[in-house]
Amino acid sequence: MSSFRIYDAIWFLSMLAAVAGVVIAGLWDSSVGWTLLAGGVTVLTIAAFADAWRLTRIRAARPVGGAATILFGAVALVVALALAGEVPVEGLPTTVRVVALAAGAQAFLLAIDVRISGASRSERVAVPFSGHQAVLLGSALVLDPGPFVPRAALLAYASGFGALAVHVFWMRHRALSVAPPRPHSAARYWEAALLVAVGTGALATLVVALTAGPDPIVTAPSAVRPALVVAGLGAVGALGAQTPAPRTPDLPAAIVGVTATAVQHAFTTVALVNVLLLAVLLAYVDAFLPLLGGYLVLLTAGVGFEYLMLLHARRWLRGDRPEPRPHDPDAPVTVVVSAANEGSVLPESLSHNLKALPGIRFLIVPAAKSADGTVAVAREFRDRYPDRVAVMEGTAGSKAGDLNAAWEHIETPFALLLDADETVGPEFLARGLARLEASPRVGVVQGRKAAKYPEADRLSRFVSAERQHSTWVEHPFMSEVFGAAHFAGSAAIFRREVPPSVGGWSPARLTEDIDLTVRLLIETDWEVAYDAEMVAYELTPTTVPALIRQRVRWARGWAQVTAKHGLRVVRSWRSLGLKRTVGVCWLLFASVSAPLYTVFPALFLLSLVGFGSPLPGVIAVGLALLLLPARGASVAYATLRDPAIEFPRGVGRRAQMLGHAYLWIPVGWAIQIHALYLQLAGAPGVWHVTPKRGRSTGAVGSRRESEAYRSPRPPAGETTLREGDPDEVPWTRARFEVYTDRAGEARFRLRHENGDVLADGGEGYASRRGVRRAITALRELVGPAAYLRCDPAGFEVYRDEGGAWRWRLVGPNGRALAESPTGYAARSGAVNGAKGARDGLADDERDPDLTWEGGGGYRWRLRAGNGRPIARSVRSFDSERGARESLARAREYAPVADLLDIGRAAFELYADRAGKHRFRLRHRNGDILLDSGQGYATRRGARDSVERIRRYAPLAPIEPLDGRESEPRDEDEPGTGGEADPDARVEEPVADPDAT
């Protein structure tokens, strides 16, 4: 029997003993139960300590306070158990024993917690700080010299230890894989168990706190013991999840899928927050009414906004609006269409838009990583409309990066941004251009987005109701009343000079549109306008999980922008104006306000049991009549009176609409809380393409022709879900293996589930902690990393660690041949410097300086006519001959080198001496981060491998391997991380039309 099977058997027996002990001791108070409980908990605790020590020994992570923390935690726990059991000192008060036991549990959780490199301060501090503070509050409330409110102390302990257990689980799994675990992964099964244990345990503790004791708040003596058992089972489950739990059989999506994950995250968070609030209110009775009043004021403010929006929409509908001017085929605008894995909907939208906007030029930006024929669709339209359609393949790895690159190809003063599924009419363009021409300070005119097929199915009706309220009622209100309109990602017309004024779109944000809006308002004088009569029709998500992924990305992006720019908005109130500041702050606050609104169960429960002074009946009835109809009335008006979407007749359909209106309240809260949970857990920001379904029309957009653009088989690493596919994706198809090579250096490789090595780390590290940091950085870089288009060489324009812009000349083998002597404040300076160096190196009559740098060797420098250095060798050479040969290579390749903007990192595709196609990921500092794990017969194979790495690396778990790497590798084999083959040739990574 293997050691893993032995461990699994011991773990299951320990859990079984602990569970049986809780049930027996809780229901019958038997000594047998206490013995079983003590035995099971002891084994699980030892397993958790052993695993913490293992993580430290293999250097996968470091304890929060260093390795000594594990020893300290073990000793503190033993001492706490001894004091609780009155072993060293007899006659200790019960309160002291309880506080000692709580302190020991705190020391245990602190000892097995780990510090993760690359984690932000909020990820490291926010949850553990709150958890420890709650536990300390519980200890303060249980001691005799203090307030002594044992009911409140019990609730504070439950919320504090629950939060700490979840945080420790995050960090320990993040040390080896991804936190929080992804759907359908083994770790996700145990996260589900942990969340259920923590949430139900906290609620059971609440029942105990309300019903136990000689003077209970709620008289229900029969509920005390069962609640104690449930709370004990929750504690045992939380402890078991902190150990290396064995694998379980695959569970259905209803338990561990995307929807279930969001619900579990929201349920546990709401339970812990409400239990903690109840602890505070039970301890400080006088705080109940002020807190209730503040909550009602907040709720009334939100509802007041709903009524004001409704009145504004009613007034707008009754107002007179000028007719749009006729469409001008010669309008100075370029339509920019971004697309990623949207080949199934792109033909329909492009056919419509090309027909609706005659004479207007289009720039299609298909993502190079698209695996469903999106690039082929774009090229087909370019071939059909060569005078109107241009294609720029997006290689930045993100929509923000692709838009930044595409912006340099726009020559018109205005640009209309559309997503791949959006369609517009000529009046959209006419109204937007008229607004821009009439208002010189307006830099962006955002149009309205409406569902193209709002009655296609139940999900479409559900989504459309919310979108109608958001885009026809809410957004116009915030724009016209507060001046707080925002760019919504697409369906907007820009002035050409607006995005460059703030450095373009930021790939670091999941909602690059909101980030751009806030930076425009804070840093420039440009204004963003909203026109509800500029209607762009879009497609809705096809599945509930797809909708949740889309909305979670939006919610996380808003939270990121709030954390990044919230205080800047407040500080900029003088330049923004008070009204606009209030509007923007309200939008940012609303994006993270769900935890505040969801405390109503605690307030309602205390009011229900007669805690504190109840509200007078007249006030309560008045508030109910004010608050309850607001959402229904607002959404009803938005859907029934929408001028862009005709609402079908029928009482049943109207009743369904009202149900959707009120259902969106808990759904929105759950999604927002789930998003905040992911942010605090440090979940990687993955952009999921939202699958959408259209009704193809026209010759080009026919369903048969649309299918012809698709790949004949689903490609490996497919990044989009389509109709009929499962609602989940297999997140664990690859893993990072960390091992020690023969030289004693720690290395890593990315291995597919079929055993193939997809990529090797580019270098060795002194410790496995260094490997962990490298993998963390790699996960952030592979997504936005661009493809280098060296044919045969290129000038890479990049930003160094100090923030200065630089360039370097890269030859066919990937080696840097020349570099900029100085840094530049702006990218344009580096580009001009590269062009000057290219011209100078091409001029054979210009002789460079060849100097000896003391003990550093020979180095060449090329100077301009005024004596200013414009290029230099990347390194020094031992001989003058070596320096001159380096100069000769730079002169050879500089005239034919393209300008490349690599961002922080870039993939290079090349062919080795054996003719095999390979790739490498190069950092902007020149270091090779990743090598291809094998050679490929075709360039397409190497390209597909890169896309698999983009797919798997951000979420692949880390698996430390014991022992050293046994198989030696030759220099020419993949994964050595050594010098590149000087005879290798870089090839332009253009996707073939039939690429998979």
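Start by selecting residues 426–438, which is helix 15 in this predicted model. Helix 15 has 13 residues and runs 18 Å from its first C-alpha to its last, close to the 18 Å expected at 1.5 Å a residue. Now show side chains: F428, L429, A430, R431, G432, L433 and L436 are the buried residues of this helix.

Next, hop over to helix 2 (residues 31–57) and helix 3 (residues 68–84). Their axes sit 10 Å apart, and the packing angle is about 165°. Anything over 145 degrees counts as roughly antiparallel, so that is how helix 2 and helix 3 run relative to each other. Their crossing is left-handed. Pick out T45, F49, A52, W53 and T56 on helix 2, then I70, G73, A74 and L77 on helix 3, and you have the contact. By type, its residues come to 6 nonpolar, 3 polar and no charged.

Last stop: select 288–318 for helix 11 and 600–608 for helix 22. Here the packing angle is about 130°, with the axes 11 Å apart, which makes helix 11 oblique to helix 22. This crossing is left-handed too.

Notes:
Residues numbered from 1 in each chain as written. Predicted model: local features only at pLDDT ≥ 70, side-chain atom pairs only at ≥ 80, totals over all residues. Heavy atoms only, no water. Axes fitted to C-alpha atoms, helices over the stretch in contact; angles between N-to-C directions. Helix = DSSP H or I, 4+ residues; strand = E, 2+ residues; numbered from the N terminus. Parallel < 35°, antiparallel > 145°, perpendicular 65-115°, else oblique. Left-handed = near helix turned anticlockwise from the far one by under 90°. Expected span 1.5 Å × (residues − 1). Buried < 20%, exposed > 50% of the residue type's maximum accessible area, 1.4 Å probe, protein only. Contact = heavy atoms within 4.5 Å. Nonpolar A, V, L, I, M, F, W, Y, C, P; charged D, E, K, R; others polar.
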